[in-house]
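Welcome, and thanks for taking a look at this one. Please have the viewer open while you go through the briefing below.

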Amino acid sequence: MDKTQPHPLFKLLTELGPLIVFFVANARYHLFVATGAFMLAIVAAMIASYVVTRHVPVMALVTGIVVIVFGTLTLVLHDETFIKVKPTIIYGLFAAVLGGGLLFGRSFIAIMFNQMFNLTPQGWRILTMRWALFFVAMAVLNEIVWRTQSTDFWVAFKAFGVIPLTMIFAIAQMPLTKRYHLEPVSLETSEAEAGDVRKG
């Protein structure tokens, strides 16, 4: 199935929108109302992504499933611990998938980021390791924040701290992606090389 590339603002809205809804609902009401609103916003974002692009990114899909599961536990059991530990589970899951893939010689980061880059095998391995370590660090950071700070501070950190940290880290990887970028072989080049082989 062909995937259309949406406007960057649309992608930002589907990623940041649910977090803003979560923050506003928590500030206006409380964490349990915010949790319900966050769940609805996540589902709405995934539906919007599919309608516009006919595709839901792997990371968004996994995140959405975990949000729904842990959000439901939070509301049913009336225990805010579940929604607070949810990011830790997500980050830990991503880190485990990436790290486990490397053990078997696979770089799953390409799948997670929908083939955004065209890198050499070594480049993929290095990038995968860096993102695995980043997710481990984010899991630890989330545990520190929710266990030592107030609920309002944790919500604000989740809404306005996580995405900037992720963007900064992603930008910091650009030199790596440029260093190990693999130039695509054009059809003309392939035909020319094949002609040279036949002449030889």
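## A helical chain, starting from one loop

Asp79 counts as partly exposed, because its relative accessibility is 29%. Asp79 belongs to the loop between α3 and α4, in a model that is predicted. The chain as a whole has ten helices and zero strands, and 38% of its 200 residues count as buried.

**Overall make-up**

- Reading from the N terminus, the elements run α-α-α-α-α-α-α-α-α-α.
- Among contacts in the chain with a separation of 6 or more, 69% are between residues 24 or more positions apart.

- Which residues does Asp79 contact, leaving aside neighbours within four places in sequence? They are Phe32 and Thr74.
- Asp79 and Phe32 are 47 residues apart in sequence, yet their C-alpha atoms are 8.7 Å apart in space.
- His78 also lies in the loop between α3 and α4, and it has a positive phi of about 55° although it is not a glycine.
- With a relative accessibility of 56%, His78 counts as exposed, because the cut-off for that class is over 50%.

- Arg54 has a relative accessible area of 41%, so it is partly exposed.

- Setting aside residues up to four places away in sequence, Met39 touches Val67, Ile68, Gly71, Thr72 and Leu75.

**The largest nonpolar core**

- The largest nonpolar core has 41 residues, and those touching the most other members are Phe22, Trp131, Phe135 and Trp154.
- At least two residues of this core come from each of α1 (8-28), α2 (31-53), α3 (58-77), α4 (81-103), α5 (109-112), α6 (121-148), α7 (151-160) and α8 (162-172).
- Which helix gives the most to this core? That is α6, with ten residues.
- Phe22 touches Leu31, Ala34, Thr35, Phe38, Trp154, Val155 and Lys158, when residues up to four places away in sequence are not counted.

Two packed helices are described by the angle between their axes and the distance between the axes.

*α6 with α8*

- These helices, α6 and α8, pack at an angle of about 160°, and their axes are 12 Å apart.
- Angles over 145 degrees count as roughly antiparallel, so α6 is roughly antiparallel to α8.
- The crossing of α6 past α8 is right-handed.
- On the α6 side the contact is made by Arg130, Trp131, Phe134, Met138 and Leu141, and on the α8 side by Val162, Leu165, Thr166, Phe169 and Ala170.
- The contact of α6 with α8 has eight nonpolar residues, one polar and one charged.

*α6 with α7*

- The axes of α6 and α7 cross at roughly 150° and come within 8 Å.
- The two helices, α6 and α7, are therefore roughly antiparallel to each other.
- Leu141, Asn142, Val145 and Trp146 of α6 make the contact with Phe153, Trp154 and Phe157 of α7.
- Sorted by class, the contact of α6 with α7 has six nonpolar residues, one polar and no charged ones.

*α7 with α8*

- What angle do α7 and α8 pack at? The angle is about 35°, and the axes are 4 Å apart.
- From α7 the contact uses Phe157, Lys158 and Phe160, and from α8 it uses Val162, Pro164 and Leu165.
- The contact of α7 with α8 divides into five nonpolar residues, no polar ones and one charged.

Conventions
Residues are numbered from 1 along each chain as its sequence is written. This is a predicted model: local features need pLDDT of at least 70, side-chain atom pairs count only at pLDDT 80 or more; totals for chains, interfaces and linings use all residues. Side-chain values use heavy atoms; hydrogens and water are left out. A nonpolar core is a set of buried Ala, Val, Leu, Ile, Met, Phe, Trp, Tyr and Cys residues joined through side-chain atoms within 4.5 Å. Buried means under 20% relative accessible area, exposed over 50%, partly exposed in between (1.4 Å probe, protein chains only). Contact means heavy atoms within 4.5 Å. Axes are lines fitted to C-alpha atoms, for helices over the stretch in contact, and angles run from 0 to 180 degrees between N-to-C directions. Angles under 35 degrees count as roughly parallel, over 145 as roughly antiparallel, 65 to 115 as roughly perpendicular and the rest as oblique. A crossing is left-handed if the near helix is turned anticlockwise from the far one by less than a right angle, and right-handed if clockwise. Ala, Val, Leu, Ile, Met, Phe, Trp, Tyr, Cys and Pro count as nonpolar, Asp, Glu, Lys and Arg as charged, and the others, Gly among them, as polar.
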